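Please read the following briefing alongside the sequence and the coordinates.

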Amino acid sequence: MVGPRACAGVAALGVAALITGCGETTGTPVNAPTSAPSSSGPSTLTVNVGGADSAHPLYDFLAFYPSTISAHPGDTLRLVNPTKETPHTVTFGVLPDHSNQPALLTPGVGFTAIAGGPCVSTQPVTATTTTCPGAPAAPPPAAPAGTPPAEVALPAPFSGQPFYNSGIFLGGQTAVLPLSADIKPGAYRFICLLHPTMAATLTVVPAGSPIQAADALTSAADRQLAADRTDAATVAAGVATPADGTVQAGAVGKELTVNMFFPSTLTVSAGQTVTWKNDGYEPHVLVFGRTITPEDPLVFGAPTLGPGSAYAGGLAVSGLFAGKPFPSSTYALKFTTAGSYPYTSAIHPGMAGVITVQ
Ligand SMILES: [Cu+2]
């Protein structure tokens with residue numbers, strides 16, 4: 001997915017296809033530039049936020065591609081979410097140990113205002129911040145209705161504010177982030193609030209100092225994603241067969257998740273308990289009885305049916321479960337009645353399984 005998106009961004013610059021590798025070329029450059037010419041004016045730099053693999057739609061790549069970018073004051077970052085369904089944020093001002101990362105969720109409701117919506121703050125944030133400091137109190141952002149706009153408007157240029165969050169933007173959306181003309185040269189780290197593997201460094205250099213060429217940005221992104229695709233195949237192939245009556249929900253690599261149930265179909269005897277385990281960083285939410293959207297408040301609440309409860313059909317929602325800091329890494333149901341019980345992970349469209357009870 002990197003290639004076409006990145007090419008579109010580069011094409012928007014009017015940069016010759018000759019140096020981008022996109023579309024029709026007119027020949028091989030003898031000396032491809034390694035830095036932007038100093039006379040070229042502001043640059044637009046494309047970074048992919050997350051990644052996808054159309055051959056493996058249940059693999060979710062959780063990194064910035066590429067994860068190191070250099071830019072000049074006044075340049076613009078095009079932050080492209082190339083995934084089909086995965087939300088991300090681009091967030092400056094969270095420490096590397098995440099100790100000041102603001103609260104992500106309001107239990108039983110959804111994302112907090114500071115995590116879900118754009119927030120530009122002249123004040124630093126803490127782990128207990130739930131609303132944008134200095135902004136008028138506002139309810140958590142509503143789920144977007146209809147088709148989301150292709151571009152997400154951000155409230156202000158980034159000038160090195162203590163906290164700057166794009167808010168959640170969805171698969172297919174692009175956040176356009178201008179850097180202010182007066183941003184100080186230096187390294188600015190940014191993360192995605194939703195995915196702890198996602199971090200990148202933007203290095204702002206003085207006007208006139210070299211930055212990477214557009215094609216170098218694209219090729220670095222492609223190399224990084226290619227390595228992660230290889231890792232995904234290794235992760236998916238390496239899942240050990242779970243113990244009888246156990247399903248592993250998802251599998252994670254260094255910066256990717258495989259959103260599948262292992263096994264996806266399981267046959268048990270009436271009266272047997274099935275336990276789902278997820279020690280990874282990517283949460284899952286089991287839903288039996290109907291499908292719900294990723295934004296449904298049921299996703300963010302306690303289990304509708306307590307772990308280990310008897311189950312014979314109807315709605316059952318596990319709530320989010322994963323490794324720390326999630327409160328539980330397992331969910332279980334005791335299947336009392338013969339039948340076929342399909343289920344999904346509410347926050348990962350396409351992630352589905354079936355329990356057959358004999
Ligand atoms: Cu993310």
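**Briefing on the predicted model**

The largest nonpolar core has 31 residues, and those with the most contacts inside it are F64, L79, F92 and L202. Two or more residues of this core come from each of β1 (44-51), β2 (59-65), β3 (68-71), β4, β11 (174-178), β12 (186-192) and β13 (195-204), with β13 giving the largest share, four residues.

**Overall make-up**
- The protein chain contains four helices and 23 strands, and 45% of its 358 residues count as buried.
- Among contacts in the protein chain with a separation of 6 or more, 71% are between residues 24 or more positions apart.
- The protein chain exposes about 15,700 Å², of which carbon and sulfur atoms supply 59%.

**Cores**
- L202, one of the residues with the most contacts inside the largest core, is in contact with I69, A71, L77, F92, L179, G186, A187, Y188 and F190 when its neighbours within four places in sequence are left aside.
- Apart from this core lies another, of 20 residues, which includes F288, Y311, F321 and F335.
- F335 is found in strand β21, which spans residues 330-335, and F335 is buried because its relative accessible area is 0%, under the 20% limit.
- Not counting residues up to four places away in sequence, F335 touches S269, A270, G271, Q272, V274, W276, F288, Y311, Y341, I355 and V357.
- F335 and A312 are 23 residues apart in sequence, while their C-alpha atoms are 6.1 Å apart in space.

**Copper site**
- The copper ion is coordinated by ND1 of H88, SG of C192, ND1 of H195 and SD of M198, at 2.0 to 2.7 Å, and along the chain these donors follow the spacing H-x103-C-x2-H-x2-M.
- The four donor atoms subtend angles of 87 to 132° around the copper ion, and the arrangement therefore counts as tetrahedral, for which all angles must lie between 85 and 135 degrees.
- For comparison, the ideal angle at a metal with four tetrahedral donors is 109.5 degrees.

**Contacts of T86**
- T86 lies in the loop between β4 (76-80) and β5 (91-92), and with 9% relative accessibility T86 counts as buried.
- Leaving out residues up to four places away in sequence, T86 touches D60, L62, N81, F169, L170, G171 and H195; H195 is also one of the residues that coordinate the copper ion.

**Disulfide**
- The structure holds one disulfide, formed by C119 and C132, whose sulfur atoms are 2.0 Å apart.
- The link of C119 and C132 is right-handed, with 85° about the S-S bond.
- Because C119 lies in strand β8 (residues 119-121) and C132 in the loop between β8 and β9 (151-152), the pair ties together parts that are 13 residues apart in sequence.

Definitions and conventions. Residues numbered from 1 in each chain as written. Predicted model: local features only at pLDDT ≥ 70, side-chain atom pairs only at ≥ 80, totals over all residues. Heavy atoms only, no water. Buried < 20%, exposed > 50% of the residue type's maximum accessible area, 1.4 Å probe, protein only. Contact = heavy atoms within 4.5 Å. Core = buried A, V, L, I, M, F, W, Y, C linked by side-chain atoms within 4.5 Å. Donors = N, O, S within 2.8 Å, 3.2 Å for Na, K, Ca; no water. Tetrahedral: all angles 85-135°; square planar, octahedral: opposite > 155°, others 65-115°. Areas by Shrake-Rupley, 256 points an atom, 1.4 Å probe, with all protein chains shown as cover. Disulfide = S-S within 2.5 Å.
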